Amino acid sequence: MNIRHAKTFFLGALVLCFLVSLFANQINSYWLFISYDIGINIILAVSLNLINGYTGQFSLGHAGFMAVGAYTAAAITNQFGELNPYLSIAVFLGALLAGGLLAAVAGLLVGIPTLRLRGDYLAIVTLGFGEIIRVVFQNMQSVGGARGLSVMHGWTNFFWAFGFAAVTVYVVTALVHSTYGRGFIAVRDDEVAASAMGISTTKYKVTAFVVGAFFAGIAGGLYAHSKQFITPGGFNFMQSIAIVVMVILGGMGNTIGVIIAAILLTLLPEGLRAIADIEHIPGIVTAHPFVWVSDTRMIIYSLLLIILMLTRPQGLFSLRKSLSK
Amino acid sequence: MTEFLQQLINGLALGSILALIALGYTMVYGILRFINFAHGDIFMLGAFAGFYLAPKVAMFLPMPSIGGGLAVMGISMAICAVVGILIEKLAYRPLRRSPKLTVLITAIGVSLLIEYTCQNDHVFGAAPKSFPTIFPEYHITQLSGLSLNSNQIIVFAVTLILLLALRFIVLKTKIGMAMRALSFNPEAAALMGINTDIVISFTFGLGSALAAAAGILLMGVLPGLKAFVAAVLGGIGNLPGAALGGVIIGVTETLVAGYISSTYRDAIAFGILIIILLVKPSGLLGKKEIEKV
């Protein structure tokens, strides 16, 4: 996707999600909630793709940024949500932005150690940051601690979920394809050569972390106002891995692939659940022939991940051979 | 003071178990340069192997006894060594020439696979199980009020013996020399006639056996992540570093849980790690890697 496509895509996506949101009350609420998840996962995966895919900094702590955004936004709307019904949209947007900004500050804090670390060390430090953020929320009694926090307002809707997804895709694409943004790719391809060419690798790495964390924070806010109940356990290491898997599956540094992967991976558990619920198949005597699928859902998921890595390590939707050597 | 010494003893016991697991991470990293995320799950399999083996062994040997306990430990170590070698053959060997990231993701996949398979109700189930007593239990209370239970003595003794055995294997035997050669320069080692596949299999087997021993000693499941943090802390790829990192994490965690707050203990390990890596990016005893262009 180049910059001109990105603009068309952005406007098209905004119009489309406005139109769909007009008919949102006619959509089955089960699918509507899944569509929120899809929008949120697109934001998470595309923003992580900026850090992992375009800048080549392997981060395993995206769920931590998401947690910062979720808790900040939820605390703000819980506090000020009742103010004035006409102001609710402003409060919601303000809360999301505040969540994004605080997450960006957290991203800055994580970005600073990345100046010195690379590869596996960086992966483990970002993982550590994610876990520390989770433990801090677990001990913060003002937001419910380990019991979790219930969010009073379910303000996330189709328009906001996909509108912010479109903004994320546009910002990341425009950033990477701008003259300035070529630096991200240079840092990924060869850090030593990039710095020899006069690119400030430090600045690019920190920028990637801050921008990525900002959008993860927004996604966290949307998540909080969609589920209306958040616990620190929901933002653990596994959640970070799930986002990383979306990026890997889509192909690192391939925005369209990552979007498709986010959609597919959100639908996969629902699809497996639907298969497990099948009551009867003509020709097979037993009722519920696939009920075992519901127990083995995560086993299937991890097996798929291993098989994917053994057969198509460059991601499902990537045409290029291999990106990170 | 007595309380402090007591916490120190408890911390050292936890730390030596962490050290055993950390050694497996570090050995694999030293040779293949990748983080074997599935290593923490081998540790869990070791504990489960002990859980199911204990009643079987009890038919031949008296159960809460040193001999019986060591037998359970030995068989679990052998089982986990085989599992470790199999994982390497099936999942990691086809990726020997792939980018590091691919192998890392595969390792996470293997870890998830083992975890969820074991959680399945048809395998081990997700409910916690109480581990049978396999070593004799008695308490020794010193005059000063320090208490040292037999379990801790066994943990110290077994860890010490295993560490010395590992040191002997790595420094004095032929296969140990091959391991060191491989971690120094894989291509040159292969040119010198070292069968790299066998050495790598051996390394996985050795690391998995140590993890299984830790699983039996701890008699429970703790996230292997912390042991991994210990390995990175000491400088990943460095054997004494892993042991040192394990002890540091174990002692600090116990002291923090005892004196400050037990809810923050999970964050402490990562906190120490981040601070140390900021000061010394290659870990406490790790060598600085210089990137040549």
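This note goes through the predicted model of the complex point by point, from conventions and confidence to the fold, the interface and the core.

1. Conventions. Residues are numbered from 1 along each chain as its sequence is written, while chains are lettered from A and ligands numbered from 1 in the order in which they are written. Because the model is predicted, local features need pLDDT of at least 70 and side-chain atom pairs count only at pLDDT 80 or more, whereas totals for chains, interfaces and linings use all residues.

2. Confidence. The predictor assigns the complex an ipTM of 0.80 and a pTM of 0.86. Chain B has an average pLDDT of 85, with 95% of the residues scoring at least 70, where pLDDT is the predictor's confidence in each residue, from 0 to 100. Where pLDDT is low, the predicted coordinates should not be read in detail.

3. Fold of chain A. Chain A holds 12 helices and two strands, these being DSSP runs numbered from the N terminus (helices H or I, at least four residues; strands E, at least two). The order from the N terminus is α-α-α-α-α-β-α-α-α-α-β-α-α-α. The radius of gyration of chain A, 20 Å, is close to the 20 Å that the globule rule gives for 325 residues, so chain A is as compact as a globular protein of that length; the radius is taken over C-alpha atoms, and the rule is 2.2 Å times the number of residues to the power 0.38.

4. Burial and contacts in chain A. Of the 325 residues in chain A, 48% are buried (20 or more other C-beta atoms within 10 Å of the residue's own; exposed means 12 or fewer, partly exposed in between, with C-beta atoms placed from the backbone). Among contacts in chain A with a separation of 6 or more, 81% join residues 24 or more positions apart, a contact being two C-beta atoms, placed from the backbone, within 7 Å.

5. In H3(A), 15 of the 19 residues are buried. Helix H9 (residues 201-227) of chain A should span 39 Å, and its end C-alpha atoms are 38 Å apart, which agrees. H9(A) has 24 of its 27 residues buried and is followed by Gln228(A), whose phi is positive, near 60°.

6. Interface. On chain A, 32 residues are in contact with 34 residues of chain B. Helix H5 (120-139), helix H10 (237-250) and helix H12 (292-311) of chain A each supply at least two residues of the side that touches chain B.

7. Core. The largest nonpolar core has 197 residues, of which Ala45(A), Cys80(B) and Ala213(B) touch the most other members; such a core is a set of buried Ala, Val, Leu, Ile, Met, Phe, Trp, Tyr and Cys residues joined through C-beta atoms within 7 Å. Helix H1 (residues 2-32) of chain B gives the most to this core, with 16 residues. Leaving aside neighbours within four places in sequence, the contacts of Ala45(A) include Ile243(A), Met246(A) and Val247(A).

8. Leu278(B). Leu278(B), in helix H11 (residues 265-279) of chain B, is partly exposed, with 14 other C-beta atoms within 10 Å. Beyond its neighbours within four places in sequence, Leu278(B) is in contact with Pro113(A) and Arg116(A).

Note on methods. The expected span of a helix is 1.5 Å times one less than its number of residues.
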